Amino acid sequence: LYCTAYRLNKISADFGTKVIVLNQVSDIIDDAVKNSCRPALGLSWSNCVTTRLEISRLPTDDHTRLVKVLKCPWAEKRAMICRFFVGGFAIKDTSE
């Protein structure tokens, strides 16, 4: 995985583009277990990334998502959350 992360970072730098990799998480549904989310690519992958975003659905709306910045070395330390709408073939900012 480290080799893959290195190559993706090199592609990003060489072509001036961003690379997004989705790391699906699974969760154990058990009230006794705290922090039971496990990344599918494992903990070693989570140490390779520079920015971590969490995308979640609103419980009241199937089409609206929240994006929360969990890790970003150049971002401010305050909570950063934005909202967007997914429908048909479009993604629309709904933060206004």
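**Notes on the predicted model**

1. Quick overview first: the protein chain has 2 helices and 6 strands, where helices (H or I, at least four residues) and strands (E, at least two) are DSSP runs numbered from the N terminus. Read from the N terminus on, the order is α-β-β-α-β-β-β-β.

2. Ground rules. This is a predicted model, in which local features need pLDDT of at least 70 and side-chain atom pairs count only at pLDDT 80 or more, while totals for chains, interfaces and linings use all residues. Residues are numbered from 1 along each chain as its sequence is written, and side-chain values use heavy atoms, with hydrogens and water left out.

3. On burial, 14% of the 96 residues of the protein chain count as buried. Buried here means under 20% relative accessible area, exposed means over 50%, and partly exposed is in between (1.4 Å probe, protein chains only). The protein chain exposes about 8300 Å², with carbon and sulfur atoms supplying 57% of it; these areas come from the Shrake-Rupley method with a 1.4 Å probe, and for residues only the protein chains shown count as cover.

4. As for contacts (heavy atoms within 4.5 Å), take those in the protein chain with a separation of 6 or more: residues 24 or more positions apart account for 15% of them.

5. Now the strand pairing, which requires that DSSP finds at least two bridges between two strands. Strand 3 (52–58) and strand 4 (residues 61–71) run antiparallel and are joined by 7 bridges. They form a hairpin with 2 residues between them, and Glu 54 stands opposite Lys 68 in strand 4. On to the next pair: strand 4 and strand 5 (residues 81–87) are also antiparallel, over 5 bridges.

6. Arg 65 deserves a look. This residue sits in strand 4 and stands opposite Phe 84 in strand 5. Why does Arg 65 count as buried? Because its relative accessibility is 17%, and the buried class is anything under 20%. Leaving out residues up to four places away in sequence, Arg 65 touches Ile 55, Ser 56 and Arg 57, as well as Cys 82, Arg 83, Phe 84 and Val 86.

7. Leu 53, in strand 3, is partly exposed, with a relative accessible area of 49%. Beyond residues up to four places away in sequence, Leu 53 touches Val 67, Lys 68 and Val 69. Leu 22 is 31 residues from Leu 53 in sequence, and their C-alpha atoms are 9.7 Å apart.

8. Which residues does Leu 1 touch, not counting residues up to four places away in sequence? They are Leu 41, Ser 44 and Trp 45. Leu 1 and Trp 45 are 44 residues apart along the chain, with 6.4 Å between their C-alpha atoms.

9. Last, the largest pocket, with a volume of about 1400 Å³. Of the 26 residues lining the largest pocket, Val 21, Asn 23, Thr 51, Arg 52 and Leu 53 are the closest to its centre. Helix 1 (2–15), helix 2 (42–46) and strand 3 are the elements that give two or more residues to the lining. A pocket is an open set of points on a 1 Å grid over the protein atoms alone, where a 1.4 Å probe fits, with protein on both sides within 12 Å along at least five of seven lines; lining residues have an atom within 4 Å of a point. Grid points are joined across faces, edges and corners, and the volume is the space filled by probe spheres set on the points. By class, the lining has 16 nonpolar, 7 polar and 3 charged residues, with Ala, Val, Leu, Ile, Met, Phe, Trp, Tyr, Cys and Pro as nonpolar, Asp, Glu, Lys and Arg as charged, and the others, Gly among them, as polar.
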